[in-house]
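Please look at the sequence and the structure before reading on.

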Amino acid sequence: MSYNLLKGKRGIIFGALDEKSIAWKVAMRAHEEGAEFVLTNAPIAMRMGEINKLAEHCNAQIIPADATSVEDLENLFTQAQEILGGKIDFVLHSIGMSPNIRKGKSYGDLNYEWFLKTLDISAISFHKVMHVAEKQDAMSEWGSIVALSYIAAQRVFPDYTDMSHAKAVLESIARNYGYRLGRAKKVRVNTVSQSPTKTTAGTGVGGFDAFFEYADKMSPLGNAPADACADYCVTLFSDLTRYVTMQNLMHDGGFSTMGISEDIVEMISK
Ligand SMILES: NC(=O)c1ccc[n+]([C@@H]2O[C@H](COP(=O)([O-])OP(=O)(O)OC[C@H]3O[C@@H](n4cnc5c(N)ncnc54)[C@H](O)[C@@H]3O)[C@@H](O)[C@H]2O)c1
């Protein structure tokens, strides 16, 4: 159901890889709500060509950009404003990748070169995005910037290894740029901490099925699906949340407030 919440708004959506991606769902919902936007992803991720289907459906153009490259981001923001015909109202940063997780390195055996890559791709890229947006004065007043996070920023999830540090940095960047862009342009910056979700990035984490199941049984509402995350992001891009900023917002069916649930007690007692 559409409420026209984003009618007349222009956006940039990072990170739609395939139909399972959270960014893909956000793009579909933003389109439904009347937004116009460009889609972007790392050039290497576009080889599969899946993003073309989404672009066609949303009537959106695709601008390749490696989010770790300031030069690519400068080109992206310049082109996006030309294509969309004005400043940007919303940005979704839905980017995460850890070479250490991909290669199955345990926390005590991290490759430090890869650790730096994890931080650059999954966290510092968020700083670079806002740095370029600010330098180009590309954001509209009362614009909204959202990045996706995970509760491993605050709690220990052993298999999430160096990504837990990336998420902690990501959330800190949201607070600091939230202050800066809020003062300068009334732009708000938040992170959404999402439940485990069956996507390419999600299922790459060791033991994913177990902690998906565990989180589902701990949360009174169950794990939040990707479609619901998209709904939430749309509200954060809309004018209905103009004074929400510098927050890490839990979108997790209640998981983060739980100690133990009856379902888990039952499982263990069996
Ligand atoms: N899936 C989960 O369980 C879960 C839970 C909480 C938060 N998140 C976060 O949600 C976000 C989106 O992940 P997803 O689960 O939709 O998985 P996904 O694999 O579909 O998306 C990750 C995206 O990051 C992109 N990316 C990687 N390196 C890049 C680079 N250098 N430049 C630009 N883009 C790059 C990939 O191409 C891909 O599109 C990530 O930040 C992830 O950590 C996921």
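Q: In which sense do S5 and S6 pair, parallel or antiparallel?
A: The model is a predicted one. Within it, Ser193 of S5 stands opposite Met250 in S6. Four bridges link S5 and S6, and the sense of this pairing is parallel.

Q: Which residue of S5 is the bridge partner of Leu148?
A: Strand S5 covers residues 188-194, and S4 covers residues 139-149. Six bridges join these two strands, which run parallel. In S5, the partner of Leu148 is Val192.

Q: What is the handedness of the β-α-β crossover from S4 to S5?
A: S4 and S5 run parallel and are joined by six bridges. Between them the chain passes through H6, and the crossover is right-handed.

Q: Why is S5 described as largely enclosed by the rest of the structure?
A: On one side of S5 are Arg188, Asn190, Val192 and Gln194, and on the other are Val189, Thr191 and Ser193; all are buried, and both faces are covered. S5 is therefore largely enclosed, because the number of its residues that are buried is seven of the seven.

Q: How many residues of strand S1 are buried?
A: From S1, Arg10, Ile12 and Phe14 point one way, while Gly11 and Ile13 point the other way, and all are buried. The strand is thus largely enclosed by the rest of the structure, and the count of buried residues is five of the five.

Q: Which residue of S3 is the bridge partner of Gly11?
A: Strand S1 runs parallel to strand S3 (residues 88-93), and three bridges join them. In S3, Gly11 has as its bridge partner Phe90.

Q: Which residue of S2 is the bridge partner of Ile13?
A: S1 and strand S2 (residues 36-40) run parallel and are joined by five bridges. Together with helix H1 (residues 22-32), these strands make a right-handed β-α-β unit. The bridge partner of Ile13 in S2 is Leu39.

Q: How many residues does the largest nonpolar core have?
A: In soluble globular proteins, nonpolar side chains tend to be buried together. In this model, Ile13, Ala27 and Cys233 have the most contacts inside the largest nonpolar core. Leaving aside neighbours within four places in sequence, Ala27 is in contact with Ile13, Ala16, Phe37, Leu39, Leu54 and Cys58. The number of residues in this core is 71.

Q: Which helix gives the most residues to the shell around the ligand?
A: The ligand is surrounded by 27 residues, and the closest are Ser21, Ala45, Gly96, Ala201 and Gly202. H1, S4 and helix H7 (200-203) each supply at least two residues of this shell. With three residues, the element that gives the most is H7.

Q: How many residues of the shell around the ligand are charged?
A: The shell around the ligand has 27 residues. Of these, 14 are nonpolar and 12 are polar, and the number that are charged is one.

Q: Is Met218 buried or exposed?
A: Met218 lies in helix H8 (residues 208-218). Not counting residues up to four places away in sequence, Met218 touches Phe255, Met258, Ser261 and Ile264. A residue counts as buried if 20 or more other C-beta atoms lie within 10 Å of its own. Because Met218 has 22 other C-beta atoms within 10 Å, Met218 is buried.

Q: How far apart in space are the C-alpha atoms of Arg155 and Ser256?
A: Arg155 lies in the loop between S4 and H6, and Arg155 counts as exposed because 11 C-beta neighbours lie inside 10 Å. In sequence, Arg155 and Ser256 are 101 residues apart. In space, their C-alpha atoms are apart by 9.4 Å.

Q: Which loop holds Met246?
A: Met246 is not a glycine, yet its phi is positive, at about 60 degrees. Met246 counts as partly exposed because 17 C-beta neighbours lie inside 10 Å. The loop that holds Met246 is the one between helix H9 (226-237) and strand S6 (248-251).

Technical notes: Residues numbered from 1 in each chain as written. Predicted model: local features only at pLDDT ≥ 70, side-chain atom pairs only at ≥ 80, totals over all residues. Buried ≥ 20, exposed ≤ 12 C-beta atoms within 10 Å, placed from the backbone. Contact = placed C-beta atoms within 7 Å. Pairing = 2+ DSSP bridges. Right-handed = clockwise from strand over helix to strand, strands pointing away. Near = placed C-beta within 6 Å. Nonpolar A, V, L, I, M, F, W, Y, C, P; charged D, E, K, R; others polar. Core = buried A, V, L, I, M, F, W, Y, C linked by C-beta atoms within 7 Å.
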